[in-house]
Amino acid sequence: MDAVRTILVSLVDRHGFTPHAITGRAKDPVSLKKKLAKNGIDPAAAIEEALKDLAGCRIVFLTNSQVAAFGATGAINENFDILNVNEHHPVPGTETEDRLFDSTNYMVALKPDRAALPEYAKFAGLKIEIQVQTLLNHAWAEMGHDTIYKEPDLKHVDPRHLEAINARMTKVMREHLLPAGYAFDKIASDFNRIIKADAAADETLATIANSTNNDELLGAFESADTLILPMITDNSGVFVELVPQIAEAVERVRGTQSAPVESIMGNFPGKTGEIVAKRAADLIGRGLYVDPKLSFETITRLYRGALTDGERKIWTDLGAQFASYTVDAWEKVGAGIQAFIVERIGALGADDRKALAGLILAMLAKVLSYEISGVRRGDFRTVLFSTATVPASDGLRKIHTDAFDILEQMLDATADDAERRDVLAPLWIAATPPNGASEGLRIQVMADAIRLAAFLQDRVAGWSLELRRKTEIKALRVHRNFRAVPAGMAENKELVSTQEKLVPALLTLRDALNADPEFVLYKTLIGTDSVAPKAWDEAVPDFRGVAAWRKERFPEIAAEVSPEKAAEWVARLRAFLTMPANAADRYPLTDFVETLVQAHPGIGVHLLYQMDPDLQPVLVRLLRGLDAAGEGDVIAQHVARFIGEGRFLASLALWLGRRDQIDVASLATVGDRARELGDPEAVLETVNAAGHLFKRGADRSLIDRVFLPSAEYFRASKDPFWNDRLMDVVDAAIVEGLDEARSRILLELFVPVPQIDYSGDLVLAAVARRFPTLVLDYFGARIVRDARYRAAIWVRH
């Protein structure tokens, strides 16, 4: 036992632990004799096999965390052969949940190499128990050993007294020792943090002030954020001194790359200056309201000096955080932060505003919003998310007035639509009421909307057609929000009066937009969300009504076109198609083109001669319209030209797949040309078209001339996901149309594919329904080829 204790003293010291005590003792002879008799064990027998606690050592630590840390070292396992581990821990829901004593007990023997040493040879094969527990558990165990554990054989006294003693011991553990253990742990942890923070402060601050190493700076920021600042009772003064040093550190390493980080898993990219900036922003964000002037100056300084869009976004996000209405700031200063920000922006010159435009707009978008939000810690380790609405006030009205002044000046200074859209975004936020807005706040929002509508109506004529279209959509949304006074607010005269001014202002803006016939034509042909004339009379959107309006207008517009205006219309269509709208917004225009060229085939022919990537979105519907107009010869001429030039192959395949006339030869020619030119998107579209045509006519030549050559093309490509790309567009009908020989060819193409996913599984299922043995052979071929490949685990029925 003394030998084991000596080993334990050494190993604990080697791992850097200082236990309260390491004790050891052999079982008391009287207690041993009693236990042998109780268990019916012959004292002359090998009692060490029957009883495991003949001798033991105990390592006693002060806190639970020390016990856990020691267990994590594996020190016992390093020095002994562990025969058994008995964990005494209460487990809720089991019979142990009231056994609150906590100890980890190891039954061990000496390792053979140690037992071979002369001084340990006599202990070879002997077993001993090592217990690891806290001082509080040790005290409870010692007390329990002399009371509960010994279980005295009472002859006269009621044994229920002993049960009461046992209950009292449990109560002491539950009400005193367990809470004390957690309290000791917290005290030890806080003490260690205090010492660690104090020791790290000088080095951390020096690193921030001087280092040019990104990894060192990140470590120093982390130390300051999580270790040092939380330990300073009033850290505002320290924070004010630290922020300029953080900014200087960001500037020192801006644009730098750290050397690669070497590891046994290979080299990893080092931390960049931009990553340092992100962590610096997190740290600065902890105390934005400590010194608002310093925060504003720091954020604008760092944004101005940023070299990349990525870093500019870091400071833009921090600026938005600074300008947001938060619960904590609101309770202290109301909208004081927002008023300060607007005042500082207003004091900037035109050049500064232009240089800081992205940051300014992000901040003003938050200033003009109406949401107050915050996160707080509640009881029982809960987190409470709070949201509220900014109340109307004279202070809020002034903030909005001053912010509008700034934004109107910035809007007039913009050079293009992209800049205009960015400036307009916060203005439309101000004109959008929050849910449940009070009467006073609705008045504020309407007043902002009136000012915005009046300001825009004199400027929209010079904007692009697409920006005007988006402006009308937003104006309509404001109109729907305020077209009627809520019934419960009708008695508020100021609210009613403001609403009566707003509606005409919005209608005036609408009329200014629609005064241009070219704009009216544009919104009719472009945009799934364009505003139809009747929309201004509707309380909710009517998408079917928009479709009906277009269906009615397209033939009317086509009838107004004359052949002499072919060049003009080609130019118009090109201009409309190159506006910064998304692909879906062009769908109405493609529908119109089909109507237009049916009425005026000459314009369609003109479009074919002028066809280029700008006009390509209308090509499929253009060909359909010419088909309907009986211009097959013209179509054949230009399709042959496009195929020869290798242009618009995907669009041609899409048209052929949906053409009323099935033309396998032309589709095969398109596929041949696409494979020859290495145009995977066009190849995919030919496969898609082949599936559509096969369902309509089951022409087996589609399999040999389009489908299988395309599959072979993708298999030969370097794309590891070719099967997914191909099968995502394949129709199951064409796979089910393969005979056994062609099904075998298809599956052979799949054998080298590393992994078969959902789309490939559908193909296997289609083959398996007719030729199940082929699929089984396919699995076998994959396994034979390379066991690392993953075959499909199941096939759909």
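**Notebook: a helix pair and the cores**

I started with H32 and H33, and their crossing is left-handed (the near helix is turned anticlockwise from the far one by less than a right angle). Helices here are DSSP runs (H or I, at least four residues), numbered from the N terminus. This is a predicted model, where local features need pLDDT of at least 70 and side-chain atom pairs count only at pLDDT 80 or more, while totals for chains, interfaces and linings use all residues. Residues are numbered from 1 along each chain, and side-chain values use heavy atoms, with hydrogens and water left out.

Next I looked up the packing: H32 (residues 680–697) and H33 (residues 701–716) meet at about 145°, axes 10 Å apart. Axes are lines fitted to C-alpha atoms over the stretch in contact, and angles run from 0 to 180 degrees between N-to-C directions.

Then the cores. A nonpolar core is a set of buried Ala, Val, Leu, Ile, Met, Phe, Trp, Tyr and Cys residues joined through side-chain atoms within 4.5 Å; buried means under 20% relative accessible area (1.4 Å probe, protein chains only). Which residues touch the most other members of the largest core? I found Trp315 and Leu456, out of 181 residues. Helix H20 (residues 439–457) gives the most to this core, with nine residues.

I also checked H17 (residues 357–367), and eight of its eleven residues are buried.

Methods:
Helix = DSSP H or I, 4+ residues; strand = E, 2+ residues; numbered from the N terminus. Buried < 20%, exposed > 50% of the residue type's maximum accessible area, 1.4 Å probe, protein only.
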